[in-house]
Structure formats: C-alpha cells, structure tokens
Amino acid sequence: MTHYDYLITGSGLAGLSLAYRMAISGKLDGKRILMVDSQQKQANDRTWCFWETGPGLFEEAVFRRWENCWFHGPGFSRQFNSHPYQYKMIRGADFYRFVLEELARHPNIEQRRAKVVSLNADEQLAYVTLSDGEQFTANYVFNSILWKQPEPSGNLHYLIQHFKGWVIHTPSPVFDPAANTFMDFRVAQGHGTTFVYVMPLAPDLALVEYTLFTQDLLEQEDYDKGLKEYISGFMGIKEYKVEEEEFGIIPMTNYRFRSHEGRIVHIGTAGGQTKASSGFTFQFVQKRTAGIVESLIQMGDPYSINHDHSRFHFYDSVLLDILARNTLPGAEIFTTLFKKNRIQDVFRFLDNETSLPQELKIISTLPTLPFLSAAIRQLKGTK
C-alpha cells in the first residue's frame, strides 16, 4: 500500500481549503499529500456567501462584495451598512480554479479521481480503500464525507436548508449593484421558514435564491413558482432570462459531530463546521482548517488547536428546537433579531465571535417565553 503523510477525502470547500492552506504554509512542502475525490471540481456548481472585515485568504476569488444589505420581514424593512464587514460572494468555478492553480505548483500534493468506500484507523495509521480496491495508508486522514445523516430524536433536531437560485438577466438595468438583499421574509411561509436573497452582479444581472429551513424538500416546480412570484411580485420584473441555475441542500442539525476518531480527522459538514442555525459554512471551514495546519506545524498533530463553540452550539440547539416544533415563525425570529440589533453585532454573533455579555444582550431582544422553554428542553434533553 502506498503511504502518504496526509490524505484528504473530497475536493469540495473543506478539502480544497485545507490543501490550499497546507500548500501556502511553506512548512509542509516535505510532506506527501493526496487528495481523493470521485469528481474533478470545475463547474460553477455552487455559490458561497459570507462576511468578513478586511481582505481574506481567498480575496482574489471573490466575485462581488457589498457593504449595504437590505433586510425585509413582516412589517419591517431596512437597509443596513455593515462596515467594517463586507458581505462577499465566491462562485464555485472561481474558487476551484484559484485553489487548483496553486496546488499545481506543489509537486508534493497529488490528486486522484476515485470514490472512497471505507476509512479505518489504528493507533499508528489510517487506512483508505477506494472503489477500485486500491488501498492507501496515511499518518492522518482528513475526511469531509458525511457517511450517515443523524436521526432526529428527543432534543436532537435535523432540518435542511434547501434552495434554488437563478441568475437572471434583464433587458434593461433594474438592479442596484451597491446593495444586496440579505433576507426577504415577505414571501409566503406556508412551507415553513422561507426567505429570498438577492445578490446584484450588475445593473442587469442578479442571483435570486429561494431558500427554506424545513424538514422536507419541495417539488422542483414549487421552487420555480416561488422564484417566479418573487421576481414578478416583489421585484416588479416581468421580462428576464435565466442565465444560470443552482440547487443545494445544507444540513441544519444540533447533532455533535466528532472532530476526530483517532487518526481520522473530520472537516467540513462532517466535522460540524456547518452552523446549525443558519447553514453558513464557509468561514467556519476556514477557522477549522487554519487551526489544523497551525497545529500540524507547531505540534506535529492536528488536534492541538481547537475552538470551543459549546456555548454557541447551545444557542443553535435552542433555535433549531423552535424551528423544528414551529413554536415561533422563523420570519418573526429573524425580523426581531435584525430590527433590534446592529447588523455588525448580528454578524459577529452568527460567526461565534461575541462575548457572553454581548450574547445576552442580543438574546434579550428575542421573545422570552419560546426561547426559555426551548432552552429548558435542551438542557433537560426532553422531547
């Protein structure tokens, strides 16, 4: 069996982010690294949106950025200026190209097109078996494959964020490229928590995304109906052409994913880097992969630098409890959050970067009884 120092399963966001950080560190060039994925990442198959202050690691891949964000909810609309935060958008194709071009400069990083069928580990090594029967060993495997979805039970909840987006082109300029729509909850809430976000790419071009937090998927025609009704009804656009289309599913669960199992280290959604209450993943993957690389360089293992998010996991669990039980409409929760707090404070809270006093201040603006009841259920572990 061929041996590698590090083996990465999957070349999506988490796998490529980790490999990129390993490559540019300059201190792991002597390590043999293998990335294994059944697909070559090239297509513009997804879009990542996130916020940050100042230039980030993938600044060259950022397609658009905004400091002005609209929020619309029941009886409330406001345009926020998020400075010093910028809300950024990276397209999948741009991210893949940017990272893969860098990896090509590093001969110690190899790539293999194959499906991983099993992972195992003992005290000394991790073992990887591919669909063609070939096997590899590694000092550490960084796994981004979610082998099994957690089952809801008791105070464990599992929702999905599912969305369909269209990039639409209009015959005349109708969009304001200086401001995006972060969330618009004015759409019908019959399926559950539902909102639309709009990312203007040019005066005549925009990504419009119809998004839901629910337990079940819709029929494809339901997403199309939601998009058409929003574009014609709320945006007042009667004539347009759909240039691109994307569809995605993101798990939203308070299941505690294991950070590692011996020499198998979990990253991405499989490692719990998808925020349970919002579905945001990009920045949490960056924090996790940065910690792994720093730990490898400083300590020789990937375990030594970790971030404790226990407090935020509890907050996420409480919100999921409310959404799963439909105790309080999601539209009302998020509208209250943005109506009574500065957007910078909300962004910092959603990034798990606030202090306890800041968190208590934000939580105090939300309806007391539903959140208190959910918190008690989560603490007791009751149904």
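1. Basis. The model is predicted: local features need pLDDT of at least 70, side-chain atom pairs count only at pLDDT 80 or more, and totals for chains, interfaces and linings use all residues. Residues are numbered from 1 along each chain as its sequence is written, and side-chain values use heavy atoms, with hydrogens and water left out.

2. Helix 1. Helices (H or I, at least four residues) and strands (E, at least two) are DSSP runs, numbered from the N terminus. Helix 1 (residues 13–25) has 13 residues and reaches 18 Å from first to last C-alpha, close to the 18 Å expected at 1.5 Å a residue; the expected span is 1.5 Å times one less than the number of residues. Of its 13 residues, 11 are buried, so helix 1 is largely enclosed by the rest of the structure. Buried means under 20% relative accessible area, exposed over 50%, and partly exposed in between (1.4 Å probe, protein chains only).

3. Aromatic pairs. The structure holds 38 of them. Rings of Phe, Tyr and Trp (its six-membered ring) pair if their centres lie within 6.5 Å; planes under 30 degrees apart count as stacked, over 60 as edge-to-face and the rest as tilted. Trp-66 and Tyr-87 form a tilted pair, because their ring centres are 6.5 Å apart and their planes at 45 degrees. Trp-66 lies in strand 4 (residues 62–66) and Tyr-87 in strand 7 (residues 85–91), so the pair ties together parts 21 residues apart in sequence. Trp-66 is buried at 2% relative accessibility, and Tyr-87 is buried at 3%.

4. Tyr-140. The rings of Tyr-140 and Tyr-303 have centres 5.8 Å apart and planes at 85 degrees, so this pair is edge-to-face. Tyr-140 is in strand 11 (residues 135–143) and Tyr-303 in the loop between helix 4 (282–299) and helix 5 (310–325), 163 residues apart. Tyr-140 is buried at 9%, whereas Tyr-303 is partly exposed at 26%.

5. Cavities. On a 1 Å grid over the protein atoms alone, a cavity is a set of points where a 1.4 Å probe fits but cannot get out; lining residues have an atom within 4 Å of a point. Two cavities of 30 Å³ or more are found. The largest holds about 60 Å³, and residues including Cys-49, Trp-51, Phe-284 and Asp-351 line it.

Technical notes. On a 1 Å grid over the protein atoms alone, a cavity is a set of points where a 1.4 Å probe fits but cannot get out, and a pocket is an open set with protein on both sides within 12 Å along at least five of seven lines; lining residues have an atom within 4 Å of a point. Grid points are joined across faces, edges and corners, and a volume is the space filled by probe spheres set on the points.
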